[in-house]
Amino acid sequence: PSIFESTVGFSAKSPSIYPLRPERATNIELGYAHDLSSLLKAEQADIKLAYYRNTIKDVIDRTPEFNFRNIEAQKVAGIELQSRYDNGRFFADFSATYNLKNEVCDESSAIFLDPMGRIPNCLKDGPPASYLHNMTPPKYSLNLTLGARFFNHRLEVGSRILHHAGLRNHDDENYGALKTEVQHSGNNFNV
């Protein structure tokens, strides 16, 4: 547990009534990088592409009662692109991330939401009222930087543009016909 999960704060009770175990992660990343400097006659020019898949076990998350506890696992996967160009006078950088998967699995959360067992153990973005659900990453994000140097590199001007996809609500997929019941159970802050 970090200092955030171990101290009194505005968004959770501490100390937690549940004993906390450390999170354990298995991270896999496959990437490709290609230098384009000579082809584009630039000081720096390259492109990088990566695929990642991470599994975190014993994820520390928050309950609807604002206690920290461990949940079984979170599985995330996605692809990342990064490219840059710099010829000494002009420069540019473009990067993009596309999230393919954000799944949170916890049997006790599913039973808490529906003791009849109609809610799956693995939910997209996590159970309601949890930090994982409230901090869901966007489906994609884009970042572009453009700039130039003047007066023998004594002045550098540029601009950066960021774009993130909007919020994705997966309640229909996660709960199906039970969506209204889950939302009105008092265990969901993301209505």
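1. The side chains of Asp-58 and Arg-21 meet in a salt bridge, with N and O 2.8 Å apart. The term means a side-chain nitrogen of Lys or Arg within 4 Å of a carboxyl oxygen of Asp or Glu. This pair links distant parts of the chain, 37 residues apart: Asp-58 is in strand E2 (residues 44–62), and Arg-21 is in the loop between helix H1 (3–6) and strand E1 (24–35). Helices (H or I, at least four residues) and strands (E, at least two) are DSSP runs, numbered from the N terminus.

2. This is a predicted model, in which local features need pLDDT of at least 70 and side-chain atom pairs count only at pLDDT 80 or more, while totals for chains, interfaces and linings use all residues. Residues are numbered from 1 along each chain as its sequence is written, and side-chain values use heavy atoms, with hydrogens and water left out.

3. Asp-58 is partly exposed at 21% relative accessibility, and Arg-21 is partly exposed at 43%. Here buried means under 20% relative accessible area, exposed over 50%, and partly exposed in between (1.4 Å probe, protein chains only).

4. The count of salt bridges comes to seven. One of them joins Asp-106 and Arg-69 (2.9 Å, N to O). Asp-106 sits in the loop between E4 and helix H3 (107–113) and Arg-69 in strand E3 (residues 68–86), so this bridge ties together parts 37 residues apart in sequence. Both Asp-106 and Arg-69 are buried.

5. Lys-124 forms a salt bridge with Glu-173, and their closest N and O atoms are 2.6 Å apart. Lys-124 belongs to strand E5 and Glu-173 to helix H5 (residues 171–175), so the pair ties together parts 49 residues apart in sequence. Lys-124 is partly exposed, at 38% relative accessible area. Elsewhere, Asp-86, Arg-149 and Glu-156 are linked in a network of salt bridges.

6. The structure holds one disulfide, a pair of cysteine sulfur atoms within 2.5 Å. The disulfide joins Cys-105 to Cys-122, with an S to S distance of 2.0 Å. Cys-105 lies in strand E4 (residues 90–105) and Cys-122 in strand E5 (residues 122–124), so the link ties together parts 17 residues apart in sequence. Cys-105 is buried, with a relative accessible area of 5%, whereas Cys-122 is partly exposed at 30%.
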